[in-house]
Amino acid sequence: HEHDRLMMLLHSPFDPDSQLAIPPFDAAARAWGAAGNVTLATVRADLAPGARKMLGAKPETHLPVYGLKIRGIALISYRGGWSEKSVSAFLRAQTAVRPVAARSAAHVDELVRASAHGLVAIGLLPEADQRSQLLEQAAHAEGVLDTPLAHGGRALADELGAPYPCLLIARADGRAWPLLRAPTVDGARAFLRDRALPLVVPQRTDGPFRDQLLHHAYPVALQVLLFHRASPHSIDADARDASAAALEEAAAAAPALDGVATFVEYDFYDNDPSMVQTYGVFEGDLPALVVVLRRGTMDEKRWRLK
């Protein structure tokens, strides 16, 4: 209750993995304690049953376990890397989720054009819902952290010709703007998960969207998977250029298939290697496109395009 933003590491002094995870976590704490204004705390599982319960760690749960608590937001689990770099990247992404006040339709246009993926999620909500952090809760819960958030009231809704209250996805690519009337937190979660996605969704090693894909729970049956090495870590300039061009082609193709196919991009250097291996893609094949229909079912079909 004393901290607006608290990152916890639940550990055991008798667990070898916990002992490996603590030093980089301590290094992250030194970096974030001042500049980042996030408190990081190590918690012994045997001395803090309340914290163990809050973090969802059962007796059989493998330690260490991480969780971030932001005031007013449900606990956010972290299952990424243990390094200072990974923990800090997670904290940067989570703490950057702060809605701005959208002043007018022209300002909405500015926000859309300034966003990395050309879209902004706008909550046209009463002050009470803005204070309850409805939009932020949904964004954190679904891991929709790349999409900027904005708030507005009845006047902005009238200017945009939108119902009030509602959630709205403003997009720059010419597609219709998805809209959700009278949102609840659960409704907002589903809406952001399904509609607040860029044309080509970045796949990461952690997060609800990844889990949906891996567990075959994503509602769109056709997936277009682009494996590339456009990452700056790639030492091959030609490969970077080819991958960047493939990403542009995918983004150009995606609008015509909105609601029919989900485009997902896998950075070869920033993903679980088993995912790339699952589709038989090797570094020398990049960029490569794999189209999957009804993923994870008995009727799954795949097509490959070099």
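**Histidine 228 and its surroundings in a predicted model**

Leaving out residues up to four places away in sequence, histidine 228 touches Ser243, Leu247, Glu265, Tyr266, Asp267, Phe268, Leu286 and Pro287, where contact means heavy atoms within 4.5 Å. This is a predicted model, in which local features need pLDDT of at least 70 and side-chain atom pairs count only at pLDDT 80 or more, while totals for chains, interfaces and linings use all residues. Residues are numbered from 1 along each chain as its sequence is written, and side-chain values use heavy atoms, with hydrogens and water left out.

Histidine 228 lies in strand E11 (residues 222-228); helices (H or I, at least four residues) and strands (E, at least two) are DSSP runs, numbered from the N terminus. Its relative accessibility is 3%, so histidine 228 counts as buried, a term that stands for under 20% relative accessible area, with exposed meaning over 50% and partly exposed the range in between (1.4 Å probe, protein chains only). The side chain of histidine 228 also makes a polar contact, at 2.6 Å, with the side chain of glutamate 265. Such a contact is a pair of N or O atoms within 3.5 Å; within protein, one must be able to donate a hydrogen and the other to accept it, and residues adjacent in sequence count only if both atoms are side-chain atoms.

One of the residues touched by histidine 228 is Ser243, which belongs to helix H10 (residues 237-253). Serine 243 has 0% relative accessibility and therefore counts as buried. Apart from neighbours within four places in sequence, serine 243 is in contact with His228, Arg229, Ala230 and Pro287.

Strand E11 leads on to the other strands of this region. E11 and E13 pair in the antiparallel sense over 6 bridges, pairing being assigned if DSSP finds at least two bridges between two strands. Within this pairing, leucine 226 has leucine 289 in E13 as its bridge partner. Strand E13 (residues 288-293) has 5 of its 6 residues buried, so this strand is largely enclosed by the rest of the structure. E13 is also joined by 5 bridges to strand E14 (residues 301-305), the two running antiparallel, and there valine 291 stands opposite tryptophan 303 in E14.

Threonine 262 is found in strand E12 (residues 261-267), and it counts as buried because its relative accessibility is 7%. Although threonine 262 and alanine 221 are 41 residues apart in sequence, their C-alpha atoms are 8.2 Å apart in space.

Elsewhere in the chain, helix H8 (residues 185-195) has Ala188, Phe191 and Leu192 as its buried residues. Seen down the axis of H8, these residues fall within an arc of 95 degrees, so they line one face of the helix; the arc is that of the directions from the helix axis to the C-beta atoms. The buried residues of H8 pack against strand E6 (119-124), helix H6 (134-142), strand E8 (166-171) and strand E9 (179-181).

Taken as a whole, the chain has 11 helices and 14 strands, and 44% of its 306 residues count as buried. Among its contacts with a separation of 6 or more, 65% come from residues 24 or more positions apart. Along the principal axes, the C-alpha atoms fill a box of roughly 55 × 55 × 40 Å.
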